[in-house]
Amino acid sequence: MIKEFRSMKKNVVVIFGGDSSEHDVSCLSATTVIKNMDTEKYNVILVGITKEGKWLLVDGVKDIEDGSWREGEVKAFISPDTTTRSLVILAEGTYKLQKVDVIFPVLHGMNGEDGTVQGLLNCLKFHMLDVVYWHQQFQWIKYTQRSSSIILESIRQSLFMSEKAILNI
């Protein structure tokens with residue numbers, strides 16, 4: 001089912017799943033995020049990525065919890081046209097563009113936490129929710145494409161930390 005949102009609320013796309021070994025963890029995390037989003041302020045649009053890499057529009061949290069979303073047939077992906085800032089939804093031989101204000105990636109592992117998706121979204125000029133992590137020694141570390149790609153790879157992390165004169169533990 002394709003829901004069309006036309007209101008003053010912000011359209012937030014939550015992307016979850018992915019073709020990593022942490023696919024199931026991402027789905028679980030997404031359900032927590034979605035259940036805690038303020039639907040009075042946001043239209044929440046769910047996009048799941050199967051283990052095979054198929055991007056699908058997902059109806060709701062129950063579909064994520066029971067895994068039935070993976071059998072969906074409505075494809076949804078971010079438009080590569082930076083002037084539209086939209087989600088392309090393909091269903092029943094036709095397509096629709098859904099305006100997107102913010103993208104909230106809830107992806108784990110490779111192609112998620114490594115900065116791949118953040119890099120794609122940056123190229124397409126999309127806003128993402130900036131997630132800031134606190135570590136008592138490193139002060140505030142902003143979770144961006146660069147930081148997430150570096151932190152996932154320990155050798156680069158060590159070099160980056162020593163280059164910035166940050167104690168590496």
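Helix α1, which spans residues 23-35 in this predicted model, has 13 residues and reaches 19 Å from its first C-alpha to its last, close to the 18 Å expected at 1.5 Å a residue (the expected span being 1.5 Å times one less than the number of residues). Helices (H or I, at least four residues) and strands (E, at least two) are DSSP runs, numbered from the N terminus. Within α1, His23, Ser26, Cys27, Ala30, Thr31 and Ile34 are buried, where buried means under 20% relative accessible area and exposed over 50%, with a 1.4 Å probe and protein chains only. These residues cover an arc of only 140 degrees around the axis, which puts them on the same side of α1; the arc is that of the directions from the helix axis to the C-beta atoms. On the other side of α1, Leu28 and Lys35 are exposed. The buried residues of α1 pack against β1, β2 (42-49), α2 and β7 (102-107), contact meaning heavy atoms within 4.5 Å.

The count of aromatic pairs comes to one, a pair being rings of Phe, Tyr and Trp (its six-membered ring) with centres within 6.5 Å, edge-to-face if the planes are over 60 degrees apart. The ring centres of Phe16 and Trp69 lie 5.0 Å apart with their planes at 70 degrees, so this pair is edge-to-face. Phe16 belongs to strand β1 (residues 10-17) and Trp69 to the loop between α2 (61-66) and β4 (75-78), 53 residues apart. Phe16 is buried at 0% relative accessibility, and Trp69 is buried at 3%.

Residues are numbered from 1 along each chain as its sequence is written. Local features need pLDDT of at least 70 and side-chain atom pairs count only at pLDDT 80 or more, whereas totals for chains, interfaces and linings use all residues, and side-chain values use heavy atoms, with hydrogens and water left out.

Key: Rings of Phe, Tyr and Trp (its six-membered ring) pair if their centres lie within 6.5 Å; planes under 30 degrees apart count as stacked, over 60 as edge-to-face and the rest as tilted.
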